[in-house]
Amino acid sequence: MKGPPAIVLIVASGIVGASWAGAQDPPKRPDAPSAFPTGYLDHEGLTDALRRVAAAHPEAVRVESLARSKEGRDVWLATVGFPEKPTSPRPSILVVANLEADHLVGSQVALGLIERLAGEKLDGRTIYVVPRLNPDGAERLLKGSPRFEIRDNLAAIDRDRDGRKNEDGPNDLDGDGLALSMRYKGDKATLVPDAKDPRILRKADTAKGEKPVYSEGTEGIDDDGDGSIDEDPPGGVNLNRNWPQGWTEYNPEAGAYPASEPEVHGLIRFAFAHPEITVVWSFGLNDNLRGNPQGNPADAPYLAEIIKSFGSAMASKPSPPRDEPARKAEAPGPEPKPETPRAESPPPAEAPRPRAQPKGQGGRRAPASSPSPAASAPAPGLDATTDGSLSEWASQQFGVVGIASRLWPRPEGPNLGGEGDAGWLEWNDKVMGGSAFVPFRTVEHPTLGSVEVGGWKPGVRLNPPIEQVGPIVDGHLAFLKDLLGRLPTLNIPSAKAEAKGGGIFEVRATVENTGFLPTALAQGVANRKAPAVLVRLGLGDAKLLSGKALVRADALAGSGGSREFRWLILAPGGARSIKHEVSCPKAGTASREVMLP
């Protein structure tokens, strides 16, 4: 990336008037929360934190590398809870965070869950946690020069199809270390400043006689001299769009093919090697726990109850007094003790940059379109797509419960009433003391003339102040514990043997699933990805006359689903008992011995 070009900074004076200046300079609050990325861990910090937890709890936490990123960083996997015997299946939950580079709150919450669970007994359960699937993109967002909005990993792609990759990205025009938004005037303008707050641009209503004033894009210049600005920035594949389910063909940000990226490929290999995984829970921009997860209709009742449980866990978090300001963290860290976010929140507001986005392009202009002479590629927005997402793959192809959480869906703070763009700016002004939004100022651009540079700092509208991460961990830990208690659990409530004469016995056993979830979802049975329930009859010296010593059952329904099995055996005079054993990787094991009468 080139350094900032020689550009003269011009102090904005009479461009938009006094009301603009007032909107640009909210009063600073000394007790304002810390704006992202303060307190958030880079790759080295996350690695050290995971190793410390594993060292403090060697009997409960294991940390290993799941894959290596394109830049050679480890994708860490933390296993919380070990099987007492290597061959004993333990129902498990897989948590995956920070698929999108700019969603680092997922890493912090995942780390918090690992730290909290390390000291607890999991009662025959295992939790696998991948706190940061996208270490390269996260590192660029945290430490890039300049820092700019990035959602993808760092696989180089050719967005403008000129035979070169990543050659025209954002530039720091004013030397503040950030590449933000750039607004400029010209004959292709389509936007006007909002009458209530000129920091917001909206589409001009020409039917009402409004004359467009501005165009808007990312801060930068035409590095490759092709007449377009920032159309081929660093960052390649969105790891939450690289999964096989619903994968979007001919979209470079979805990858050259499903699971093309080493991070995704490594996680898929791990998942298929661990059939005990019953739930896959992703932390990212998708959020089906506040909506309606798609899946097999037969599985809908189970998903509905899980959503209800999530709502209860979020609503149970204590709320601070409405007039209590957020407290500033004394030191950066993953679990400060701050103001608690509000519980149930509506879907996230749209970004203060209204712009139509091509379907399936994830916030960037489609590479197949022809850019205008001074076009600038839009930075990633606040919304997500579900094409090629982890949660959809987990549900539809892996055949397990696939759920997703955004973690921080809207700005939090006392006395906030605004919605959409205005709500975010109200949060910046009243809660953050203006620290999340950089006031627009005028610089001289080498090809566009006078332009205005400013806007939202990278990542601040997707990642809450570090002080709010602890309470988010609290609520999601409560839900995770509830979810652990809902995993399928096998039991043999009754077993008996009845003498039929001549050393012949009829043996009966009832196998039951006492957990809430079934041993296999209907979708898992349909696509043959779900392991069966295996019922074994330990004969010893006896001889089997009728039935099979090993019986397979596709699934047992949740909440007491059961099935009876019968055998006819011939037992010698010295035989005293018959042993029943039932097992399923997603539901554990159970055994029972039956004395022969």
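Biologist: At what angle do α2 and α3 pack, and how far apart are their axes?
Modeller: Two packed helices are described by the angle between their axes and the distance between the axes. In this predicted model, α2 and α3 pack at about 10 degrees, and their axes are 10 Å apart. Angles under 35 degrees count as roughly parallel, and α2 and α3 are therefore roughly parallel to each other. The crossing in which α2 passes α3 is left-handed.

Biologist: Which residues of α2 and α3 meet?
Modeller: From α2 the contact takes Leu-46, Ala-49, Leu-50 and Val-53, and these meet Leu-111, Ile-114 and Glu-115 of α3. Sorted by class, the residues of this contact of α2 with α3 are six nonpolar, no polar and one charged.

Biologist: How do α3 and α9 cross, and how close do their axes come?
Modeller: Here the axes of α3 (residues 105–117) and α9 (residues 469–485) come within 9 Å and cross at roughly 60 degrees, which makes α3 oblique to α9. The crossing of α3 past α9 is right-handed. On the α3 side the contact consists of Gln-108, Val-109, Gly-112, Leu-113, Arg-116 and Leu-117, while the residues they meet in α9 include Val-469, Ile-472, His-476 and Leu-480. By class, the contact of α3 with α9 has eight nonpolar, four polar and two charged residues.

Biologist: How many residues are in the largest nonpolar core, and which of them have the most contacts inside it?
Modeller: The largest nonpolar core has 79 residues, and those with the most contacts inside it are Val-109, Ile-127, Phe-283, Ile-403, Trp-427 and Phe-479. The largest share of this core comes from α9, which supplies eight residues.

Biologist: Which residues does Arg-563 touch?
Modeller: Arg-563 is found in strand β19 (residues 561–570) and, with a relative accessible area of 38%, is partly exposed. Not counting residues up to four places away in sequence, Arg-563 touches Ala-509, Thr-510, Val-511, Arg-552, Ala-553 and Leu-556. The C-alpha atoms of Arg-563 and Glu-512 are separated by 6.7 Å, although these residues are 51 apart along the chain.

Biologist: Turning to the backbone, which residues are joined by a cis peptide bond, with omega about 15 degrees?
Modeller: Omega is the angle to read here, and the bond in question joins Phe-36 and Pro-37. Pro-37 is found in the loop between α1 (18–24) and α2 (43–56). The peptide bond from Ser-145 to Pro-146 is also cis, with omega near 0 degrees, and Pro-146 has its place in the loop between α4 (135–143) and β6 (181–185).

Biologist: What is the phi of Arg-528, and is Arg-528 buried or exposed?
Modeller: Phi of Arg-528 is near 60 degrees, a positive value in a residue other than glycine. Arg-528 lies in the loop between α10 (522–526) and β16 (533–538) and, at 76% relative accessibility, counts as exposed. Asn-415, likewise a residue other than glycine, has a positive phi near 60 degrees and is found in the loop between β11 (401–405) and α8 (420–430).

Notes. Residues numbered from 1 in each chain as written. Predicted model: local features only at pLDDT ≥ 70, side-chain atom pairs only at ≥ 80, totals over all residues. Heavy atoms only, no water. Axes fitted to C-alpha atoms, helices over the stretch in contact; angles between N-to-C directions. Helix = DSSP H or I, 4+ residues; strand = E, 2+ residues; numbered from the N terminus. Parallel < 35°, antiparallel > 145°, perpendicular 65-115°, else oblique. Left-handed = near helix turned anticlockwise from the far one by under 90°. Contact = heavy atoms within 4.5 Å. Nonpolar A, V, L, I, M, F, W, Y, C, P; charged D, E, K, R; others polar. Core = buried A, V, L, I, M, F, W, Y, C linked by side-chain atoms within 4.5 Å. Buried < 20%, exposed > 50% of the residue type's maximum accessible area, 1.4 Å probe, protein only.
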